[in-house]
There are 4 protein chains.
Amino acid sequence: MTDNAMQKNLNTAVLLIHCPDQKGIVAALTRFIHENNGNIVYLDQHVDHTDKAFFLRIAWDLDNFLIPDIKIADYFETLLAVKYNMTWQLHFSRHVPRMAIMVSRLSHCLYDLLSRWQDGEWKVDIPLIISNHQELHHIATQFSIPFFNIPVSGNDKESAEQKQMKLLKEHNVDFIVLARYMQVLSENFINEYPFRIINIHHSFLPAFPGARPYQSAYERGVKIIGATSHYVTRELDAGPIIEQDVTRITHKDSVADIIRKGQDLEKIVLSRAVYAHIEHKLLVYKNKTIVFS
Amino acid sequence: MTDNAMQKNLNTAVLLIHCPDQKGIVAALTRFIHENNGNIVYLDQHVDHTDKAFFLRIAWDLDNFLIPDIKIADYFETLLAVKYNMTWQLHFSRHVPRMAIMVSRLSHCLYDLLSRWQDGEWKVDIPLIISNHQELHHIATQFSIPFFNIPVSGNDKESAEQKQMKLLKEHNVDFIVLARYMQVLSENFINEYPFRIINIHHSFLPAFPGARPYQSAYERGVKIIGATSHYVTRELDAGPIIEQDVTRITHKDSVADIIRKGQDLEKIVLSRAVYAHIEHKLLVYKNKTIVFS
Amino acid sequence: MTDNAMQKNLNTAVLLIHCPDQKGIVAALTRFIHENNGNIVYLDQHVDHTDKAFFLRIAWDLDNFLIPDIKIADYFETLLAVKYNMTWQLHFSRHVPRMAIMVSRLSHCLYDLLSRWQDGEWKVDIPLIISNHQELHHIATQFSIPFFNIPVSGNDKESAEQKQMKLLKEHNVDFIVLARYMQVLSENFINEYPFRIINIHHSFLPAFPGARPYQSAYERGVKIIGATSHYVTRELDAGPIIEQDVTRITHKDSVADIIRKGQDLEKIVLSRAVYAHIEHKLLVYKNKTIVFS
Amino acid sequence: MTDNAMQKNLNTAVLLIHCPDQKGIVAALTRFIHENNGNIVYLDQHVDHTDKAFFLRIAWDLDNFLIPDIKIADYFETLLAVKYNMTWQLHFSRHVPRMAIMVSRLSHCLYDLLSRWQDGEWKVDIPLIISNHQELHHIATQFSIPFFNIPVSGNDKESAEQKQMKLLKEHNVDFIVLARYMQVLSENFINEYPFRIINIHHSFLPAFPGARPYQSAYERGVKIIGATSHYVTRELDAGPIIEQDVTRITHKDSVADIIRKGQDLEKIVLSRAVYAHIEHKLLVYKNKTIVFS
C-alpha cells in the first residue's frame, strides 16, 4: 500500500517543519514518535547547506499513538519545537481541506479541478465557486457546487473583495485556487490567506509575467512555452513557485495554437500544485517552495 | 487569423493525399485550386525519400471556388488523382464530425473529452456514449449526452458488439474514441471503422502492451512512463501511433503514484490525438501516421 | 536515403526565401526548377497568416540542372525574385562553411563542437578558435586547430575586436559560434556578421538575461531551467531564438547542481542550433526564426 | 557550499544501506555518527512500503570522526548492520574511482566521457580504454589514455575476454563503462563486476531491446525515442535501469535523423548514469535502482 493510499485510509498526522540545521533533529523527532507508539509512514528531509536550514515532512499512524490528537501540537511545541527553534504545521488526515475556486471566463482549469474532485481523486471539499462573471455558472450547476457571481469593476474592487472574503469565511475555506481568475487580489485579501492562495500563470515564470503572456511568447519567438503555479503574494506573479511545466512550439504555431497548447499545460500544472497542497507536501521558505515527494 | 480559426469560421475544403513521389505534384495541385479561384489557406507536404512516397494536406477557401462542392471529388479524381495514382480523402469544414465515446469505469479521459466539447474547443458532435458498465452514467447525464450501457461478458461479446454497432450506425457516427474502454474489439467491429477508432494505451508503446502496463513499468524500474494514442487495428496495441507523451518517475513512486501521473498523460495525449483527427491532420501509411502541423 | 545524407553526397542547391504571400509561388518555383531539369530533394514552406508572409526552403539536385551554378542567382533574381518581391539566399552543398569558435574559460561547449567536427558529424571547417583567455588552449592543440589568445580588457576592447575581426577575415570565416564567450560584442562587430553569430545563453530566455542566470534561477526557485541559442543582435540576449531546451530541477539542487545540469543543456542546444545553421535550415523574420525540418 | 562540492573538498565517508524497514534505523544511524563526532553532510532515505524495505544514503565529514577510517566498516558491521540485517557499502571520498571504458566504432559517448574527465567535472581516473576495433585509437591518443585493441571474433570471444579481464585487473579498475561497445559480455565477465558495468542502450527500454533499435523505432512509427543507461546483468538489456531520457521525433525524421537525435540522448544519459555511480548515489534492489538525489 502506498503512502498516499495510507493517508487516505489511515488516521495519520503530518508534520511540516523547518528550523536551523543541527545535529540530532531526525533522531529526536523519530524518537518522540516511536516512544509514543506512532508508526512512521512517511519521512523525507532536506538540508539547505547554503542557509544551514533543515526541512522535514513526517507522517505517522495515529491509531495507537499515546498522545491524544488534541494535545499533540502542545506536546510537540514544548518538547521539540522550542528546543530546535522550529517553524511547523501539524495536519490531520481526517480533516478534509475546504477549497474555494475563483474563476473568470475560461473553463479549462475549472473542469479539471471539478472532475478530479467529483471522481474522488482528491481528498478535498469544494464548498463554493466565486466568479466576477456569469459565463461559467452552468458548470458549477452541473457539478452541484454553489456559484457566487461577484462582479468586480475598477472602482468597487474593495467592496467586491469584502463580499468575497465574507463568503470565504462563511464557508470555512482553508485555501483558494485561482483557476484563471483574471483579477489582481489586494494585499489585504492576500494577507488573510498567506500561502493558501494558489494561482496558475500562463507562462514559464519569470518570463512573461503580467497580462497576455502567450502573445508575448509568440512575439519573442520562443521555442518552448510553459505554465507556472505559485502561491499568491503581494508582488504580482512573484510568489513561491510550486510547479511548472513546458511544451514545445514552432514557428508554425499561431497565437491561437499557443493558447490551445498552453491551456493543456495550465490545467495539469495547476492540478499538480493543488494536489501537493492538499497532501501537505509544500513548505515555503524564502519565497521558494520545498516540494516533498 | 490562424488556419484553425479559419477552418472554424470559413467554408473550406481539406484534401489529404498520398501517392508515389514524382515531379510537379504540388504545382499541378496548386494550379488546379488557383485556376478555379480557390484561396489556399494551408499547405503542408512530406516526402518519404526511402519509399519515394509523397504526402500532402491542402486546405482552401470554398467561397469563390468555381467547382460546386458536390463535384469537387469527381473533378479531382478525374483531373489529378488518376494521373498521379493518388490515395486521397476530401473533407469539408462545414461537416461537423460525429464522435462516439466508449468507456468502462475510469472517468478521467471522459471528463476531458466532454469538457472540451462543451467548451466549444472542438468542432465535433458527441451523439452518444457507450459503456460496458454503469459507473460513468452520471457523467453522461451531467453533460446531457445519451448513455447506453451494453454489458460485455465473455460469451455474449458478439451480441454486445452487434448492439454497439447498431447504435453507432443509428447515430451516424463518423469515428469512435475508446476513452479507457477495457474490452478488445473484434476484427469485424474494427473493419467497420478503419482508422476511425482512436484508443489510448497507458504505456509508452511498444513497451508494455496489453494489460497492467503501470504495474509492469513499476516492476521493470523504468525512470519515465508514457501514454500512447493510436488507431485501433486487428493486432492489439499495434495500430498506427498518433501521439505519445511521457513523464518522469523515480524510485519513490508507488504503483498508485505512477497511475496518478499516468492518467494525466493519458487524457492529454488522447485529446491531442482526437483533435488531430477532427482537424483532418492525420494520414496513415504503412501502419504509421503522418501528422500534419 | 535521407535528405541530409543526400545533401552531403549530392551536389545540391538550397534556396531560402521569404516574400509577401500570394497565389502561385510554389507552383512558379517548382516549375522553374523542373523546367530546368532540377530534381527537388526537399521542399518545406510556411505561411504566416497574420503577416501574410510566405517562407520556403527548397533544395534540388544540380547534376542535370540546365542553368550553370554561377548563373542561378542571376536567373532566379530576374525570373522570380523580382516578380514576387522575394528576400532570398542561395547556398551550394559543395561549399563547406567555415566556422570560427570564440570561447573564454568554460570548455563543455567547445569539446562538444570539436568532437562533432572531428567525428565528421557536421559538414563544416573550423579554421580557428579565438579566446580572451589561455585556459582552453590545450583543447585547441589537442584537436589541431589554431588558437588565438586575444585578451580583452575594459579599455582596449575596441582594439581587441579589431584584432579579432582581422583574424576572422583572414580565415574567410562564414559564421561565428560563441561557445560561452563571456564578452559582449560591439555593434560594429555584430554588423559584420548579421545573423551569422550564434550564441548560447544559459537560461530559458527571456527569463534571466544577462549575467549569472543560474544563480538567479536558484534564487527565484524555478522548477525548470533552460538554455537558449540565438543569433546575436545589438540588444543583449534579445536576438532571434534558434533553439531552446529545458530540464527539471528541485529544491534539492544547489547552484552547483543547477550549473552542472544546465551545462549539459547548453552544449546540446548550441550544437543543435549550429547544425541547423550549417544545413541552411534557418530564416530570420521580424527577430524570430523559421526553423525548417 | 553544496554537498557535491563538500564531497570533493572534504574527507567524507558515504554509506549506502538497505535493510528490512523497522523503527529507529535513522535514529540509530545518526546517533552512531554524532556520538563519534561525525558531521552529517548528506542524508536521504527511502522506504518501499510494498516490500517493507528501507534504503539510505548518508555522508559525513571524517575530519574529527573518532573511529579510524580503517575500522569504520568493522564497527558499523558489529554495532548496526547485524542488528538491522543491513546490506551495505562504505565509500571514502578520498578514493578516486578507476573507470575503464570499452568502445567499438562510435565516438560520441567516448568524447563526452573523456571531455568531462579532462575538464575535471568528474572525480574519476580513466586508466585505459579497450576496444574491439582500431577506429577510435586516435581519440585515446588525443586524451593521452592507454588504448588496447582486442579484436573479438565469433570463435575467440572467450580468449578476448580473458585478455580484457587481465587488463582490467592490472589497471585496478573499479567499474567499466560500455560506451556503445557492440559486444555482448559473457556471464563470466559480468560476474567479475556485479553492478559495476554501465551500459548505454539506444532505445527507451524495455521498448526495442537488442540490435538496431532506431531502425525499429522508425518502422514502428513512434513519436518519441529514448536512451537508457543500465547496469549490465546476464539477461541482455534487462539490467537495473539507472537513467533514461527521451526526445520527440516526427514522420519527417529519417532513420539517419533519428540516429543523430538519439546519439545526443545517449551521451547525456550515459554521463548522468556514470556521474551517479561515481558519486555513490545508486543502490540496486530487486533489479531496480534507487537513485539518491
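The questions below go through how the chains meet, how one chain is divided, and a few local details.

This is a predicted model, where local features need pLDDT of at least 70, side-chain atom pairs count only at pLDDT 80 or more, and totals for chains, interfaces and linings use all residues. Residues are numbered from 1 along each chain as its sequence is written, chains are lettered from A and ligands numbered from 1 in the order in which they are written, and side-chain values use heavy atoms, with hydrogens and water left out.

Q: What rotation superposes chain A on chain C, and what kind of axis is that?
A: Copies are superposed by least squares on the C-alpha atoms of residues with pLDDT of at least 70 in both. For chain A and chain C, the rotation is 180° with 0.0 Å of shift along its axis, and the RMSD is 0.0 Å. That relation is the one of a two-fold axis.

Q: Which residue of chain A has the C-alpha nearest the axis?
A: Stay with the axis that takes chain A onto chain C by a 180° rotation. The nearest C-alpha of chain A is 2.3 Å from this axis, and it belongs to A:Ala207.

Q: How many residues does chain A bring to the contact with chain C?
A: Contact here means heavy atoms within 4.5 Å. Chain C gives 35 residues, and the number from chain A is 35.

Q: What area is buried between chain A and chain C?
A: Buried area is the accessible area (1.4 Å probe) that two parts lose on being put together, summed over both. In chain A, the residues losing the most to chain C are A:Arg220, A:Lys223 and A:His251, together 24% of what that side buries. Carbon and sulfur atoms give 53% of the area between chain A and chain C, which comes to about 2,900 Å².

Q: Which residue of chain A forms a salt bridge with C:Arg248?
A: A salt bridge is a side-chain nitrogen of Lys or Arg within 4 Å of a carboxyl oxygen of Asp or Glu. The count between chain A and chain C is 4 salt bridges. In the one with C:Arg248, the closest N and O atoms are 3.4 Å apart, and the partner is A:Glu243.

Q: Which strand gives the largest share of the side of chain A that touches chain C?
A: Helices (H or I, at least four residues) and strands (E, at least two) are DSSP runs, numbered from the N terminus. On that side, strand 2, helix 8 (213-220), strand 11 (241-248) and strand 13 (288-291) of chain A each supply at least two residues. The largest share is 7 residues, from strand 11 of chain A.

Q: How many salt bridges does the rule find between chain B and chain D?
A: Here 35 residues of chain B touch 35 residues of chain D, and the buried area is about 2,900 Å². One salt bridge pairs B:Asp245 with D:Arg248, at 3.5 Å between the closest N and O atoms. Across the whole interface of chain B and chain D the number is 4.

Q: How far apart are the C-alpha centres of the two domains of chain A?
A: The domain bounds come from an automatic or database domain assignment. Chain A is divided into domain 1 (4-92) and domain 2 (99-291). Their C-alpha centres lie apart by 31 Å.

Q: Which residues form the salt bridge between the two domains of chain A?
A: The two domains do touch: 16 residues of domain 1 of chain A are in contact with 12 residues of domain 2 of chain A. Together they bury about 1,300 Å². The count between them is 1 salt bridge, and with N to O at 2.7 Å it joins A:Asp51 and A:Lys286.

Q: Is the peptide bond from A:Leu205 to A:Pro206 cis or trans?
A: A:Pro206 lies in the loop between strand 9 (197-201) and helix 8 of chain A. Omega for the bond from A:Leu205 to A:Pro206 is near 10°, and the bond is cis.

Q: What is the phi of B:Asn85?
A: B:Asn85 sits in the loop between helix 3 (69-84) and strand 4 (87-92) of chain B. Although B:Asn85 is not a glycine, its phi is positive, at about 60°.
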